[in-house]
Amino acid sequence: MAYTVAKLAKISGVSVRTLHWYDEVGLLKPAYYASNGYRYYEEEQLLILQQILFFRELGFELKQIQKLLVRSDFNKIVALTSHRKVLMKNLARSRKLVKTIDATIEHLQGTKKMKESEIYYGFSKEKQAEYEKQLIERFGDKVKVSIAESHQNSKNWTKADWEMSKKEFDGICQELTKLIEKRRKANSQEVQIVVRRHYQFIRKFWTPTKESYAGHGQFIIESNLRNVYEAFHPQLPEFIGEAIQVFSEQELK
């Protein structure tokens, strides 16, 4: 059975735009193209997309996924077995978080008092620690100063502060996504205005220089941090990375 791109988008939850992008970069090619240019997918492509989604869920970058899928020794069953092990580990953590939610509800309802140690049960700093490890591996010990500064600047933030910060970040990414769809260039005035907002956002955590902000742009592209930006648009990591390079060259000393 053949599936159109619209049908595949509907059953997989992957947007048509993202499927087109996967085709363009060679990550997921259709089984064939009709004479009218329409893309058609068959079971093989559906299973490949499933693998892509599993790898994305586990934090792999698109470039990493592409390299894995084209390897001659790639085995779907072995990959699925590995995915299962990781998901079972994540499931155990999710159960802990559910337990924390239930306990917090009881606490707020006054039916059962929580201990201080229970408030953060199940939460993990693994993601943040992973980003910091990647930063140190890429830029060396000098980046530890910026990491320490970020911790210091945000250590007293309230939940409202974090929510406001997230809202600001989301707004920046949404504006850049609109500009991508309008086919604006990374060095255009419209894009650079939004990147300035991104630069000011970053300054709330650490003090970026010409070199370090440009390095941050490249880090977005090459690290798992790209996942945060890809959630808004599959091209956003490369787009903002290029725009940051332009901003750093033109605006920073």
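This is a predicted model: local features need pLDDT of at least 70, side-chain atom pairs count only at pLDDT 80 or more; totals for chains, interfaces and linings use all residues.
Student: What makes the pair of phenylalanine 201 and phenylalanine 205 edge-to-face?

Tutor: Look at the centres and then at the planes. The two ring centres are 5.5 Å apart, and rings pair if their centres lie within 6.5 Å. The planes of phenylalanine 201 and phenylalanine 205 stand at 65°, and over 60 degrees counts as edge-to-face, so that is the name the pair gets.

Student: Is phenylalanine 205 buried or exposed?

Tutor: Buried, because its relative accessible area is 13% and the limit is under 20%.

Student: Why is the pair of tryptophan 162 and phenylalanine 205 called tilted?

Tutor: By the ring rule there are ten aromatic pairs in the protein. For tryptophan 162 and phenylalanine 205, the centres lie 6.3 Å apart and the planes meet at 35°. Stacked needs under 30 degrees and edge-to-face needs over 60, so a pair at 35° is tilted. This pair links distant parts of the chain: tryptophan 162 sits in helix H9, phenylalanine 205 in the loop between helix H10 and helix H11, and 43 residues separate them.

Student: How is tryptophan 162 classed by its relative accessibility?

Tutor: As partly exposed, because its value is 40%, while buried is under 20% and exposed is over 50%.

Student: Which residues do ring pairs link into a cluster?

Tutor: The cluster is made of Trp162, Phe169, Phe201, Phe205, Tyr229 and Phe232. Tyrosine 229 also belongs to the largest nonpolar core, which has 28 residues; Tyr229 is among those with the most contacts inside that core, along with Leu176, Tyr213 and Leu236. Elements H9, H10, H11 and helix H13 each give two or more residues to this core. Beyond its neighbours within four places in sequence, tyrosine 229 contacts Phe169, Cys173, His198, His216, Ile220, Leu236, Pro237 and Ile240. A second, separate core of 15 residues includes Leu8, Ala9, Leu27 and Phe55.

Student: How do you know that the span of H11 is close to the expected one?

Tutor: H11 has 13 residues, and at 1.5 Å a residue the expected span is 18 Å. From first C-alpha to last, the helix reaches 19 Å. Among the buried residues of H11 are Tyr213, His216, Phe219 and Ile220.

Student: Why does aspartate 23 count as buried?

Tutor: Aspartate 23, in helix H2, has 3% relative accessibility, and buried means under 20%, so it meets the limit. Its side chain makes a polar contact with the side chain of tyrosine 33 at 2.9 Å, and polar contacts are N or O pairs within 3.5 Å. Leaving out residues up to four places away in sequence, aspartate 23 touches Leu28, Lys29, Pro30, Tyr33 and Arg39.

Student: What joins the side chains of glutamate 251 and arginine 196?

Tutor: A polar contact of 2.8 Å, against a limit of 3.5 Å. Glutamate 251 also lies 8.2 Å from lysine 210, C-alpha to C-alpha, although the two are 41 residues apart in sequence.

Technical notes
Residues are numbered from 1 along each chain as its sequence is written. Side-chain values use heavy atoms; hydrogens and water are left out. Rings of Phe, Tyr and Trp (its six-membered ring) pair if their centres lie within 6.5 Å; planes under 30 degrees apart count as stacked, over 60 as edge-to-face and the rest as tilted. Helices (H or I, at least four residues) and strands (E, at least two) are DSSP runs, numbered from the N terminus. Buried means under 20% relative accessible area, exposed over 50%, partly exposed in between (1.4 Å probe, protein chains only). A nonpolar core is a set of buried Ala, Val, Leu, Ile, Met, Phe, Trp, Tyr and Cys residues joined through side-chain atoms within 4.5 Å. Contact means heavy atoms within 4.5 Å. The expected span of a helix is 1.5 Å times one less than its number of residues. A polar contact is a pair of N or O atoms within 3.5 Å; within protein, one must be able to donate a hydrogen and the other to accept it, and residues adjacent in sequence count only if both atoms are side-chain atoms.
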